[in-house]
Amino acid sequence: VSFEVPQGSCVALIGPSGCGKSTMMRLIAGLQEPTGGTITVAGGTPDEQRRARDFGIVFQQPILFDWRTVEENVALPLQIMGKPKAERQERARELLDLVGLKDFRNHRPWQLSGGMQQRVAIARALTFAPPFLLMDEPFGALDMMTRERMQTELLSIWSRNPGTTVIFIT
């Protein structure tokens, strides 16, 4: 396969189960090595871009830490980056409000529904405004109304962040 995604665009990879969409996302993110050929992301290798923290990734299943609150899970990337606590909290609260979970910030992930957990994972991927947002069927566990709202919010977030490239697997 060969394709280019222009910087700042929002592209959906669509296909049936098992056709390789998620594998393609893992290759782009540098989480899996290609068996042949090359992948270039913004002039570098996927591994270089991942190490530069250029990717925000949302997987099919939310990967959250049960011992951290919802707010702490969202703020984790900023904590790893060494950002001050007040800045982490402010950004996490802003994003939790965006995904409709501001009243659940002190809950633990196991206290949330699967769809709510996925919204926490989406908020976490957005915390540091990455230039590349890779989303692997992120809305599959959400109910229809929440999915429509999140799709609208994703487009709104993308439009407010010129230059952000979104690859959406569905």
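**Reading strand β4 and its sheet**

Modeller: In this predicted model, Thr165, Ile167 and Ile169 point one way from β4, while Val166 and Phe168 point the other way, and all are buried. Local features here need pLDDT of at least 70, side-chain atom pairs count only at pLDDT 80 or more, and totals for chains, interfaces and linings use all residues. Residues are numbered from 1 along each chain as its sequence is written, and side-chain values use heavy atoms, with hydrogens and water left out.

Colleague: What does buried mean, and how many residues of β4 are buried?

Modeller: Buried means under 20% relative accessible area, exposed over 50%, and partly exposed in between, with a 1.4 Å probe and protein chains only. Strands (E, at least two residues) and helices (H or I, at least four) are DSSP runs, numbered from the N terminus. Strand β4 covers residues 165-169, and five of its five residues are buried. In the protein, buried residues make up 41% of the 170 residues.

Colleague: Which strands pair with β4?

Modeller: Two strands pair if DSSP finds at least two bridges between them. Strand β1 (residues 10-13) runs parallel to β4 and is joined to it by four bridges; Cys10 stands opposite Val166, and Val11 opposite Ile167. Strand β3 (residues 132-136) also pairs with β4 in the parallel sense, over five bridges, and Leu134 stands opposite Ile167. From β3 the chain crosses through helix α6 (residues 144-160) to β4 in a right-handed β-α-β crossover. Right-handed means that, with the strands pointing away from the viewer, the path from the first strand over the helix to the second runs clockwise.

Colleague: What is the order of the strands in the sheet, and which stand at the edges?

Modeller: The open sheet of four strands has the order β1-β4-β3-β2, with parallel pairing. β1 and β2 (55-58) stand at the edges with a single partner strand each, so one side of each is left without a neighbour in the sheet. Neighbouring strands are turned by 15° against each other on average, direction ignored.

Colleague: What pattern does the protein follow along the sequence?

Modeller: Its six helices and four strands follow the pattern β-α-α-β-α-α-α-β-α-β. The radius of gyration, taken over C-alpha atoms, is compared with a globule rule of 2.2 Å times the number of residues to the power 0.38. For this protein the radius of gyration is 16 Å, close to the 15 Å that the rule gives for 170 residues, so the protein is as compact as a globular protein of that length.

Note on methods: Axes fitted to C-alpha atoms, helices over the stretch in contact; angles between N-to-C directions.
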